[in-house]
Amino acid sequence: MENRYEIYQDPDEALFQPVMHRGRNYYLLVASLSVFVILGIAAYIYQFVEGLTVTGLSRQVFWGVYITDFVFFIGISHAGTLISAILRITKAEWRRPVTRCAELITVMVLFFGVASILIDLGRPDRMFNIVKHANFGSPLLWDLTSVSVYLTCSISFLYTAMIPDIAMLRDRGIKPRWLYEILAIGWRGTERQKKRLNIAVTILCIAVIPVAVSVHTVVSYVFAMTTQPMWHSAIFGPYFVVGAIFSGIAALIIAMAIIRKVYHLENYLTQQHFTNLGYLLLAMTVFWFYFTFGEYLTAWYGHEPTEMKVFWEKFTGDYAPHYWAMVICCFVIPMCILPFNKTRTILGTCIASGAIVIGMWLERYVIIVPTLLNQRLESSRIDASVYPPVESVAAVNYAPSWVEWAIFVGCFAFFVLLYVVFTKYFPIISIWELREGREEKIEEVHEFLHEHPEELAKIQRTPLGHVSFHHDHPEGGMHNKPEK
Amino acid sequence: METTRRGFLQVAGLAAVGLVVAKPAIDLFSHLNTSGTQAEIADQIRLAMAIDINACNKYKEENGGCNLCEVACHTWHKVPDIPDHEEEIKWIWEDYSGKVFEEHQMKFIDYDKHEELETKLPLVKLLCNQCHNPPCIKYCPTRATWKRSDGIIMVDFHRCIGCRYCMAGCPYGARSFNWRKARSSISNPWRLPQPAGVDDQKLDSDFPSRTRGMVEKCNFCADILITKEDGLLDLDDNGNAKEDQIPKCVKACQADALIYGNLLNHESDVYKAITDAHVHVLRRLPELGTNPNNYYILKEA
């Protein structure tokens, strides 16, 4: 029984390996991640019973880590489907091994974006009131609409592009068979099916781009639509979209590097992919800096007192460490690594990406907390029952409590867990798309040789004597392609 | 094209169906409640409060402090008394005028002594402004907070999901969130018999106590105001509240510093108070366009 797979020699065997063998390390990883998940759930239950008093939030700073997480996770989700859709539409050939890891990030992380906002609710038991008594004038409803459309699109996108691969798993008889049989929905790879699949993928690609842009735009509108100092800014829409794509690509690079290492996919996820994504990341670094610069220069030059309080809180006040750490993580570190060929290695892009992910979390934190600390009227308590009145103002500040951190870590661990489990049930690199790419290239070469017989003659005169199109290279006969 | 009878009937029928379908659909998506009677009420009643800063502070000075209005309001409305400042809930409270009306203080403030001066300035009463153009209600995803046609901004304690977006929308800090279970911090939450001599207000209050996780604020004592059959409030001819319907804070005030009534009735006390030629009238952050209905009166020295 065990040797059944051995007879079937597939050039992309490495891609099936993670699905076929779930080793000890996998179960160890799942177990350790589950510990964090359970800790997070326990912390949430504690919060649910006791109320939000167990967090560090207060009447002055009423939004904190949870709302930061909400923006952060939804930001990370912009790596996937959006990038994948853009690369597909522009027919970037190098996308083929990248798309699925990217789309998967989107789908999995979106759940935690939505979860973060539900965790933040005071009465989560009433959350369906948002649907039952919807007020479409509220930016939160725009969020709900946009995120749910995005989630639906991303799931359909991920699934549609996975059907042929699921059929391959089904045909190999990998367990659980029933799962693959249902999900493959009768895919046999006929011409008609392929044509339909391509149409469906193209439609979803086009649909998902405006949806993705709208998602982070309306996330920013949650802040920008209020009149709180430094939130009420027209630049927030595009600023958040750029930030989202920025952190998303960084997360994608980290995920790819880990997958490459752990599943030995060095032949599939090559230096070229990291270089290309590195360029994209560099472009986003510059964009991000441009928006940040524009945002803060406008506030500083205008010098409105309410805004300046927030401004100085960030630049020199209590939140200066967070703010400058953000600038270092999001701009200085990437700018030291990404522009140079020497440092733009796989390790280099990973370091830059790690810094960016941390920096972008800090960015959201720094947007939310200092503004709330410096609302127009600072909350204080004055006992006027005596004269002269006694002011008893505790220095209001915000320090996240262990519950908030536990839930954050739990959410993150849950995301990684779902991601890992997924890679053990479905190939993380789109096999059919790789093969399609190869076939297209072979076709191209054939056509070229047909049109230029003199080139064919040249090749035939070489010591090898013939052109061979092996299926053993993931880039698919690329090396045999004659230069034009 | 010739119009046949059949064709005409078809078009007419479709149009009728369209109208029947369109009307509720339009109603469903329109927030503004512009049905006749409510617009009429809004044209006749706008509740407002005038707060006499001088009278309030003079009384405090003479009597060695005073917070009667706070006690009366918070007792009646079962506002929990939470010692932790960061989680406190308040419907009516005070702050230094230097902070509240920062823009009006600038001209005579020596910047080096800013903080010192700020705390020396008189105290002002703060409560929900019941804005004519309230920013908070726009943000509520469930319409748990809304504006009554007489101008009161209400919170539905049974619908609020506790997202705190209205708190982000309110520039006045008028909204409080129930961070914890607070029933134990309420004086007499369950309307148990009180020992003799305790203010009977506590016994009469039917106002519901709140659970953790929802937002609350001053409701201009909407719970004791009586609405007549025609939808109008049961005010007297001059637009002042009748004796049994005077808000708790106003009733408790011994200095007559709080004046309440219908701003649109020019005979009302509140209208007279703010149109007095010898007073300065301030409103909080008028530049935000919220059009607050609380007016702060400063008498000329």
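Student: Are Lys58(B) and Glu62(B) buried or exposed?

Tutor: In this predicted model, Lys58(B) is exposed, and Glu62(B) is exposed as well. The two residues also form a salt bridge, with their closest N and O atoms 3.9 Å apart.

Student: How many residues apart are Lys58(B) and Glu62(B) in helix α3 of chain B?

Tutor: They are four residues apart in helix α3 (residues 53-63) of chain B, so about one helical turn separates them.

Student: Which parts of the chain does the salt bridge between Arg180(B) and Asp84(B) link?

Tutor: The closest N and O atoms of Arg180(B) and Asp84(B) are 3.6 Å apart. This pair links distant parts of the chain, 96 residues apart: Arg180(B) is in the loop between β6 (176-177) and α10 (201-204) of chain B, and Asp84(B) is in the loop between α4 and β2 of chain B. Arg180(B) is partly exposed, at a relative accessible area of 23%, and Asp84(B) is partly exposed too, at 31%.

Student: How is the size of an interface often given?

Tutor: It is often expressed as the accessible area that is lost when the parts come together. Here, about 4,900 Å² is buried between chain A and chain B, and carbon and sulfur atoms give 51% of that area. Arg59(A), Leu377(A) and Arg381(A) supply 17% of the area that chain A buries against chain B, more than any other three residues. The contact involves 57 residues from chain A and 62 residues from chain B.

Student: How many salt bridges cross the interface of chain A and chain B?

Tutor: There are three salt bridges across this interface. One of them joins the side chains of Asp120(A) and Arg164(B), at 2.7 Å from N to O. The side chains of Asp81(B) and Arg381(A) also meet in a salt bridge, at 3.9 Å from N to O. Asp81(B) lies in the loop between α4 (68-76) and β2 of chain B, while Arg381(A) lies in the loop between α15 (346-373) and β1 of chain A, so this pair joins two chains. Asp81(B) is exposed, with a relative accessible area of 57%.

Student: Why is strand β2 of chain B largely enclosed by the rest of the structure?

Tutor: Five of the five residues of strand β2 (residues 92-96) of chain B are buried, so the strand is largely enclosed. β2(B) pairs with strand β3 (residues 123-127) of chain B in the antiparallel sense, over five bridges. Within that pairing, Leu126(B) in β3(B) is the bridge partner of Trp93(B).

Notes. Residues are numbered from 1 along each chain as its sequence is written. Chains are lettered from A and ligands numbered from 1 in the order in which they are written. This is a predicted model: local features need pLDDT of at least 70, side-chain atom pairs count only at pLDDT 80 or more; totals for chains, interfaces and linings use all residues. Side-chain values use heavy atoms; hydrogens and water are left out. Contact means heavy atoms within 4.5 Å. Buried area is the accessible area (1.4 Å probe) that two parts lose on being put together, summed over both. A salt bridge is a side-chain nitrogen of Lys or Arg within 4 Å of a carboxyl oxygen of Asp or Glu. Buried means under 20% relative accessible area, exposed over 50%, partly exposed in between (1.4 Å probe, protein chains only). Two strands pair if DSSP finds at least two bridges between them.
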